[in-house]
Structure formats: C-alpha cells, structure tokens
Amino acid sequence: MSESFSGGCQCGAVRFRVEGPVNHASICNCRMCQKAFGNLMAPFASFKAPVEWTRGRPTLFRSSQAVQRGFCNKCGTPLTYQVGEGNPALAIGAFDRVNDIVPTIEFARENRHPVLDNLDGLIPEDLGSTDEERNMLAILRSFQHPDRDTDNWQPQG
Amino acid sequence: MSQNELTGGCQCGAVRFRAESLGRPSICHCRMCQKAFGSFFGPLVTGHGVVWTRGQPKLFRSSNLANRGFCADCGTPLTYQADGHELELAIGALDHPELAAPTIQVNPADRLPYFEGLANLPMQQRSAEREPFYAAVVSYQHPDHDTTRSGDSA
C-alpha cells in the first residue's frame, strides 16, 4: 500500500490529502513563481493520485491564461499550481511531513535569485539569542494548525 | 540605488508598496515561516518607511505576537510584523528581489534536511514538447514596476 500525505495552510481552514508516491518534486525560479510565493523560488510536489480536499478549498487566482494558483483566503498560504483542469501540484512547505518531500529538480535556473548559489553559506542566527527574543518565545502562542489532521479545528487569528 | 526601485507588490497587482529603504535581509527556517510561505523558509527584509500605494494586505494573526499580511485576491505572502517591531517584507514580492540578498539564516534548528542541496539540483531542460505551452502563455502577473490606476495613492 502506498503512503498518503496530508497538509494544509497555516490557519487550518484548507486541508488536503493525497496518496503517494510523489511523482515529481521541484523548485522553480521563474519570476511568476517568485512573486506568487513572495519568495526566492517556489517548491512544488505533484502526484498521480487525485488531490482530496479534506477541509475547505483553495481560492484560485488565474496567473496566466493557462494556469491557476490556489491559496487560502483566510491566511494566504500558497497551496497549488494547476494547468487547465489537471490535478494540482502542491506547495511543498504546506505538507505536514515536509521533510519527506525532497525536491529533485530545478526549473528556470536562468532566473535564479543570486543568493540561491550561497544559501548554505548564510550566517546562522539562533532564535532566542537575545533577552528580548527569549521573552517573546516564553509567551508565544502559535495559532498555526498542527502538522497533522484534526477532527475539529477552528481557525484562529 | 534609486529609492524609486524599492517597490513591490503581489502577483495580481491589487496590493502595491514602496519602501524608503531596506534593512537586514534574512531567511527564516522556522516551521511557521515554512507553512505561511508554503516553502522551505521565509525570506524577509526589514522595510523602513513602507507606504501602501495600492490596496492593503489582509492580515492573519499567526500567533499572539505577530501578524502576517497577504493579498486577499491572489494570495501572495507580503509581510510579517511582530508587535512593536518594524514591518518585514517578503523578498520575492519586491519588484527587484535581487536588491535584498539575504545575509543571515534565522532559526537554523528548523532547517529542512535537504536545504543544503537546494543549489545543486539537476536542472530541468526545456523540452521541445513543452515549447508550445511556454510560447502560448499570456501572463496576468502585474509587471515589476509601478503602474497607474485611478484611486492609487501617490
């Protein structure tokens, strides 16, 4: 039996489940993926099995005549990339077990953000290295949905 | 660098901003940034003197201490702001994200196990069979510069 993967947005209003295995996991540097994700690139995993929405649905934005991108309209998490009516690819960071979705290929290298060549060389800075940060962490209450399915969940925030 | 270049916004162009100057650019590995950005990390740069020149981000309170802003029309993650702190802008939302090359990685304890290999993935060549798809794409993304529209603030 194949393994199934669950995930969703930050607030938990939109949740999905899909049967493995992962068909394709990639990063894309194109300017449309950068801007859609507000990020240096976008990471997507696609599956042959259909994506099942177990809570809510993404809101779709048509980013070109050929493609729709889905996101949670309550918290903004980017969730999907879909050509036509095809099975959507899913944003890797939205998976509950994000460690298990390993990207294996890179699209649009010609548009790499220059820092991507040296990501691992960036200076590390632990959170909680100052008194102010330690005080913040001591009282922090996350409103993020946990990294597992929940039977009942009221999005907060 | 011209101040006029420190502009940006969401993918659809409903929300646009301008910053007077930028502070420290970083990536954050924490699980909340990963999930909010749907990605491996959150890329943020401090925005000094940010004004919203079109629309406003919708805010999600991701914890009792911080808000995250995004475009309600297209979903682009745009901001992170801890209470009492300066606004942080999503680097990819800048019209010229190359102006904010991260220098620091925050919260390395949450780094994904494949992070170190991200720069060395094999490159996908554009195949001949995909060329018609690329050739036919009509982008609806807002251009990487300010545009005028009635009702915009200066």
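Predicted model: local features only at pLDDT ≥ 70, side-chain atom pairs only at ≥ 80, totals over all residues.

Q: What is G69(B) in contact with, leaving aside its neighbours within four places in sequence?

A: G69(B) is in contact with P57(B), K58(B), L59(B), L78(B) and T79(B). For K58(B), the C-alpha to C-alpha distance from G69(B) is 5.3 Å, although eleven residues separate the two in sequence.

Q: What makes the phi of A108(A) worth a remark, and where is A108(A) found?

A: Most residues other than glycine have a negative phi. A108(A), which is not a glycine, has a positive phi near 55°, and this residue is found in the loop between β10 (105-107) and β11 (123-125) of chain A. N107(B) is likewise not a glycine and has a positive phi of about 60°; its place is in the loop between β10 (104-106) and α2 (131-136) of chain B.

Q: How do you know that the peptide bond from G20(A) to P21(A) is cis?

A: The value to look at is omega, which is near 5° for this bond, and the bond from G20(A) to P21(A) is assigned as cis. Most peptide bonds are trans. P21(A) is placed in the loop between β2 (15-19) and β3 (22-28) of chain A.

Q: Why are β11(A) and β10(B) said to pair?

A: Three bridges are found between β11(A) and β10(B), and because pairing asks for at least two bridges, these strands pair, in the parallel sense. Within this pairing, E125(A) stands opposite V106(B). By the same test, β8 (residues 77-82) and β9 (residues 88-90) of chain B are joined by two bridges and so count as paired, running antiparallel. Y80(B) of chain B stands opposite E88(B) in β9(B).

Q: What makes β11 of chain A and β6 (58-63) of chain B the edge strands?

A: The open sheet has eight strands with mixed pairing, in the order β11(A)-β10(B)-β3(B)-β4(B)-β9(B)-β8(B)-β7(B)-β6(B). Its edge strands, β11 of chain A and β6 (58-63) of chain B, each pair on one side only. Neighbouring strands of this sheet are turned against each other by 30° on average, direction ignored.

Q: Which residues have the most contacts inside the largest nonpolar core?

A: That core has 71 residues, and those with the most contacts inside it are F44(A), A45(A), L90(A) and L89(B). A45(A), not counting residues up to four places away in sequence, touches V22(A), A25(A), A89(A), L90(A), I92(A) and I101(A).

Q: How many residues does each chain bring to the contact?

A: Chain A brings 62 residues and chain B brings 60 residues. On the side of chain A that touches chain B, the largest share, five residues, comes from α1(A), and by class that side has 32 nonpolar, 19 polar and eleven charged residues.

Definitions and conventions:
Residues numbered from 1 in each chain as written. Chains lettered and ligands numbered in written order. Helix = DSSP H or I, 4+ residues; strand = E, 2+ residues; numbered from the N terminus. Core = buried A, V, L, I, M, F, W, Y, C linked by C-beta atoms within 7 Å. Buried ≥ 20, exposed ≤ 12 C-beta atoms within 10 Å, placed from the backbone. Contact = placed C-beta atoms within 7 Å. Axes fitted to C-alpha atoms, helices over the stretch in contact; angles between N-to-C directions. Nonpolar A, V, L, I, M, F, W, Y, C, P; charged D, E, K, R; others polar.
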